[in-house]
Amino acid sequence: MENEKKLVRNSLYNVAYRCLSIIFPLVSSIYVARILTPVNLGKVSAAQNIVSYFLICSAMGIPTYGVKLVAQYKPKTSASSRAFSELWIINFVLSLVSSIIYYVLVLTFPYFQENRLLYIITGLSLICNIANVDWFYQGIQEYRYIAVRSVVIKILSFVSLFVFVRDKGDYLVYALLNVLGTAGNYIFNIARLRKYVSFQRHNLAFGNHISHMLVLFGAALASEIYTLTDTTMLNFMCGSETVGYYSMSLNIIRVLRGMVVAVSAVFLPQLSYYYFSGEKERFYRLANDGLHVLVYLTIPLAVGLVIVSEDLIICFFGEAYREAVGSTRILAVSIISIALSNFVGLQLLLTLGKEKITTLSTIFGAVVNITLNIFLIIRFQHIGASIASAVTELCVTAFQVFFCFRYIKIRLNIFPVLIASALMLPAVLLIHQLQIMLFIKLILETVVGAAVYFITTMLLRDEFVMKMKRMI
C-alpha cells in the first residue's frame with residue numbers, strides 16, 4: 001500500500017512537471033499566435049524541428065536507459081556515482097560532437113542562409129544538453145524536486161515572454177526564451193547533484209552502456225524520424241504557414257498526451273525494481289495497473305477533443321488558425337496510441353530486456369510514416385500529415401502490444417471506460433450546440449464531460465476508480 005501511495009504522489013508531481021513542460025509552449029503559443037502570425041511561428045517550429053534530429057543523436061537513448069540504470073542502485077552510493085559519471089561523460093561527448101556538426105551545417109549550407117540567426121539560436125539547445133541530467137532525478141524518483149524546479153523556471157519564462165515578445169518581428173526572442181527556459185532547468189539540476197553523487201574519473205566502464213544505449217537509440221531515432229518527418233516535409237513542400245497550422249495542432253495534442261504520459265512515466269523505476277528483484281507478481285500487477293490507468297484517461301480525452309477542437313482553437317488562437325481544426329481532430333486518436341506505445345515500448349519491453357521489439361516497431365513506423373507523407377502531404381498538406389501521423393502511431397502501438405502480450409499476462413477490463421465515454425459524448429455535444437461565449441462553453445464542456453465520465457465509471461465500479469477511492 002505504501003508503494004502504491006508513493007506511486008500516486010510521484011504521478012501527481014510528474015504530471016505537474018510534464019504539464020508545465022508542455023503547457024508552457026502551448027500557453028506561449030496562445031499569446032504569440034496572434035502576434036507572430038502563422039508564418040513566423042512556423043519558422044520557429046521548423047528550426048526547432050531540425051535541432052530535434054541532433055538532440056536525438058546527442059541523447060542516444062540516455063534519457064530512458066539512464067532512468068532504468070539509476071533505479072537499480074541506491075542513491076548516495078559509490079555504484080550510483082560511478083553509473084552517473086559514466087553516462088554523463090557519454091552525454092557530454094555526444095552533445096559536443098552534435099553541436100559542432102550542427103553549427104558547421106548551419107554556417108555553410110545555403111538552405112539556412114535566410115534564417116541563419118534563428119537556427120543559431122535554436123541550436124543552443126544542443127550545447128545546453130551537456131548539462132541535461134533529468135534522467136538521474138527521475139531514476140531516484142525525485143519527482144517533487146523536478147516539479148518545484150519546473151514551476152520556478154516556467155514562471156520566470158512566462159513573465160519574460162510577455163515582457164520581451166511584443167510584435168511579429170520578435171520571433172527570434174521567442175526562440176531564445178524557449179532555449180533559456182530549458183537551460184534554467186539544467187542549471188538547477190547540476191547545482192543540486194552534490195547531494196546525491198560524487199563525480200568519478202577512475203575505473204569507469206562505457207562498453208556495456210553503449211550496447212544497451214544503441215538499441216534504445218535506434219528506437220528513439222526511428223520514433224523521432226516519423227514524429228519529426230511530418231513537420232520537416234511540410235516545411236519543404238508547403239512552407240512556413242502550413243507548418244504553423246500543423247504545429248498548433250501538435251501543441252494541443254502534446255499537452256493532453258503529455259499529462260497522460262506523465263502519470264505512467266513514474267512506473268518505470270518501480271517496474272525495474274520489482275523485475276530485477278525477482279518480484280514478478282508485483283511487476284505483472286503494476287504493469288496491468290499502468291495500462292488500465294492509460295486507457296481510463298486517454299479514451300475520454302480523445303473523444304472530448306474531437307468535439308471541442310474548433311471551439312478550443314478559435315477561442316485561444318483566433319480565426320487565423322481555423323485551418324488547424326481538421327488536423328487536431330485527426331491527431332486526437334494519437335492521444336491513446338502514443339500513451340500506450342510509450343508505456344508498452346519504453347517501460348514494459350525495456351524492463352523485460354526486449355528493446356529490440358521497440359526498435360523494430362519504430363523502424364516499421366518510420367517506413368509507414370514517410371511513405372504515407374509522400375502521397376498525402378502533396379494533396380492534403382497538414383491534413384495529410386495528420387492522417388499519416390495517426391495511422392503510423394496506431395501501427396506502432398499494435399506492433400508493440402502484440403509482442404508484449406506474449407510476455408505479460410494482461411487482464412484489462414475496458415467495458416466501464418467505453419460505456420462512460422459513450423455517455424459523455426451526447427452530454428458534451430449538447431453543450432457544444434449552445435450559443436454562448438466560447439470560453440464559458442469550453443469550461444462547461446470540460447466540466448460536464450468529466451463529471452459524466454467519472455460518475456459513470458464510479459457507478460460501474462471501474463478498477464482504477466475503486467483503487468483510488470480506497471487509497472484516499
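Colleague: What joins the side chains of serine 249 and serine 327?
Modeller: A polar contact of 2.5 Å. The term means a pair of N or O atoms within 3.5 Å; within protein, one must be able to donate a hydrogen and the other to accept it, and residues adjacent in sequence count only if both atoms are side-chain atoms.

Colleague: What are the ground rules here?
Modeller: This is a predicted model: local features need pLDDT of at least 70, side-chain atom pairs count only at pLDDT 80 or more, and totals for chains, interfaces and linings use all residues. Residues are numbered from 1 along each chain as its sequence is written, and side-chain values use heavy atoms, with hydrogens and water left out.

Colleague: Where does serine 249 lie?
Modeller: In helix 10, residues 240-265. Helices (H or I, at least four residues) and strands (E, at least two) are DSSP runs, numbered from the N terminus.

Colleague: Is serine 249 buried or exposed?
Modeller: Serine 249 counts as buried because its relative accessibility is 0%. Buried means under 20% relative accessible area, exposed over 50%, partly exposed in between (1.4 Å probe, protein chains only).

Colleague: Which residues does serine 249 touch?
Modeller: Leaving out residues up to four places away in sequence, Ala324, Ser327, Thr328 and Leu331. Contact means heavy atoms within 4.5 Å.

Colleague: New topic. What is the phi of glutamine 381?
Modeller: Positive, about 55°, although glutamine 381 is not a glycine. Its place is in the loop between helix 15 (355-380) and helix 16 (382-404). With a relative accessible area of 36%, glutamine 381 is partly exposed.

Colleague: Which residues form a nonpolar patch on the surface?
Modeller: Leu434, Ile436, Met437, Phe439, Ile440, Ile443, Leu444 and Val447, with about 680 Å² of accessible area together. Like charges are joined within 9 Å, nonpolar side chains (Val, Leu, Ile, Met, Phe, Trp, Tyr) within 5 Å. Areas come from the Shrake-Rupley method with a 1.4 Å probe; for residues, only the protein chains shown count as cover.

Colleague: And where is leucine 434?
Modeller: In the loop between helix 17 (415-432) and helix 18 (438-459). Leucine 434 counts as partly exposed, at 37%.

Colleague: How many helices and strands does the protein have?
Modeller: 19 helices and 0 strands. Of its 472 residues, 53% count as buried.

Colleague: How many disulfides?
Modeller: The count is 0, taking a disulfide as a pair of cysteine sulfur atoms within 2.5 Å.

Notes:
Patches are made of residues with over 30% relative accessible area and no salt bridge: like charges are joined within 9 Å, nonpolar side chains (Val, Leu, Ile, Met, Phe, Trp, Tyr) within 5 Å. A salt bridge is a side-chain nitrogen of Lys or Arg within 4 Å of a carboxyl oxygen of Asp or Glu.
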